[in-house]
Amino acid sequence: MTGVEPTSVLAHAPGLVVEVLDSEVVVWEPAAAQLHRLDGPAALTFELLDGSEPLERTAEVIAATLDAEPAQVRHDVLELARQLVGLGLVRPLSAARTVAGVTEGDVLQPPQDA
Amino acid sequence: MAMVLGPYDALGHVFTVTVAEDRLGECIARTLEALGTTCQPRLEYSVAAVPGPRPDWYELRRDGEPVMPAMEGSLVLDWLAWAVNQGAIESGRQQNLLMHAAGVARDGLGVVLAAPMESGKTTTCTGLVRDGWSYLTDEAVAVDPATLRVRAFPKALTIDPGSQFLFPELRPELPSSSGQKWQVPPHSIRPGCVTTDVPVGLLLLPAYREGASTELQPLTPAQAVMELAQCTFFFIEQPERNLAALAQLARTAPCYRLVIGALDEAVTLVNELPHLVSA
């Protein structure tokens, strides 16, 4: 169970090393010490999962970009997002944080000394 | 009377070799000649005769410590080459992206032939050098991650028994038992063939397949990175640096899988590639 829904907001997992090569992406995932290659719509989806929009909005952008049928793209993006969560490449952000526009990384920053 | 050979530089692994037996010493000197340096040696290999089941029984030591149990003379070169390779990889990986690959060059641009063992790296490399290409290495391509230039490691080429029939003129002078590797100094293939550091112009992934049609199959940059990462020594130790360097290599140099059915066809294909044009 990944708990990924169309309203989920996903972002890249911390610590990833990402290289964009033309229309493909190579990702180093340090926790599993694995390289992943994403191509085509998977690469585009991964790049768009930056914690700023819910999945359903990401699917709309991809459908428009690829001129594809929106319902099918919504389904495919949801499935892909679940796979990416399972691989540890992206993770859901909590609604409260994203509504406030604050990522977990921001929350965890230690206070700056004056 | 022992002779001290060297110093030699294998990707910063700088060493001398002390050997007591003249003929073996001459053979080692010829084999390591292209690694000669003026740098200060940091360690010493020594080869000395020891009592054993045969008259030609030797022990190989590194700074006084045995590298391997004592062995017959015809195996000394193989184990010395092995020990030097290990030292080169240990030394070279600190500052470089280090790939299990052969390297050749033409017109100042390098070709990296990266692949696992038994894929045809050394065979293709030897064929290309014989055909006029310059020699960088047949074992470990060291790429400076800042400049993306290959640092030469012109060790003797290690030709496996299965490929030796392709290069009968390279049979070593030192008697060797059948089924043994050949340690071939690069100058034996073609005098003056060793080159210095060059930028990378082409990435090839050789794959020998008996009976296959020899052909080049283009790879996308991301496919190239995935393949090259598998050939990178200790990738996991500096993944960010290594991935960035591989990605930059794949952006700047085209990459092909070179399916090899026959050596002469492979050499012809690589010769005809139009990519090695200096910018």
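Reader: Hi! Where in chain B does B:D63 lie?

Author: Hello! B:D63 lies in the loop between strand 4 (57-62) and strand 5 (65-66) of chain B. Strands here are DSSP runs of E with at least two residues, helices are runs of H or I with at least four, and both are numbered from the N terminus. This is a predicted model, where local features need pLDDT of at least 70, side-chain atom pairs count only at pLDDT 80 or more, and totals for chains, interfaces and linings use all residues. Residues are numbered from 1 along each chain as its sequence is written, chains are lettered from A and ligands numbered from 1 in the order in which they are written, and side-chain values use heavy atoms, with hydrogens and water left out.

Reader: Thanks! What is phi of B:D63 near?

Author: Phi of B:D63 is near 50°, a positive value in a residue other than glycine. Most residues other than glycine have a negative phi.

Reader: And how exposed is B:D63?

Author: B:D63 is partly exposed, with a relative accessible area of 47%. Buried means under 20% relative accessible area, exposed means over 50%, and partly exposed is in between, using a 1.4 Å probe and protein chains only.

Reader: What about A:A33, what is its phi near?

Author: Phi of A:A33 is near 55°, also a positive value in a residue other than glycine. A:A33 sits in the loop between strand 3 and strand 4 of chain A, and is partly exposed at 33% relative accessible area.

Reader: Is the peptide bond from B:G6 to B:P7 cis or trans?

Author: That bond is cis, with omega near 10°. B:P7 is found in strand 1 (residues 3-10) of chain B. As a rule, most peptide bonds are trans.

Reader: Switching to chain A: how many helices and strands does chain A come to?

Author: Chain A comes to 5 helices and 6 strands. Along the sequence the pattern is β-β-β-β-α-β-α-α-β-α-α. Of its 114 residues, 35% count as buried.

Reader: Which residues of helix 3 of chain A are buried?

Author: They are A:V73, A:V77, A:L78, A:L80, A:A81, A:L84 and A:V85. What covers them includes strand 1 (9-12), strand 4 (34-38), helix 1 (40-48), helix 2 (55-66) and strand 6 (90-93) of chain A. Just after helix 3 of chain A, A:G88 takes a positive phi of about 80°.

Reader: How far apart are the end C-alpha atoms of that helix 3?

Author: They are 25 Å apart, which agrees with the 26 Å that the 18 residues (70-87) should span at 1.5 Å a residue. The expected span is 1.5 Å times one less than the number of residues.

Reader: Now the inside. How many residues does the largest nonpolar core have?

Author: The largest nonpolar core has 37 residues, and those with the most contacts inside it are B:M99 and B:V112. A nonpolar core is a set of buried Ala, Val, Leu, Ile, Met, Phe, Trp, Tyr and Cys residues joined through side-chain atoms within 4.5 Å. The largest share of this core, 6 residues, comes from helix 6 of chain B.

Reader: What does B:M99 touch?

Author: Leaving out residues up to four places away in sequence, B:M99 touches residues including B:V112, B:V141, B:L228, B:F233, B:L246 and B:L249. Contact means heavy atoms within 4.5 Å.
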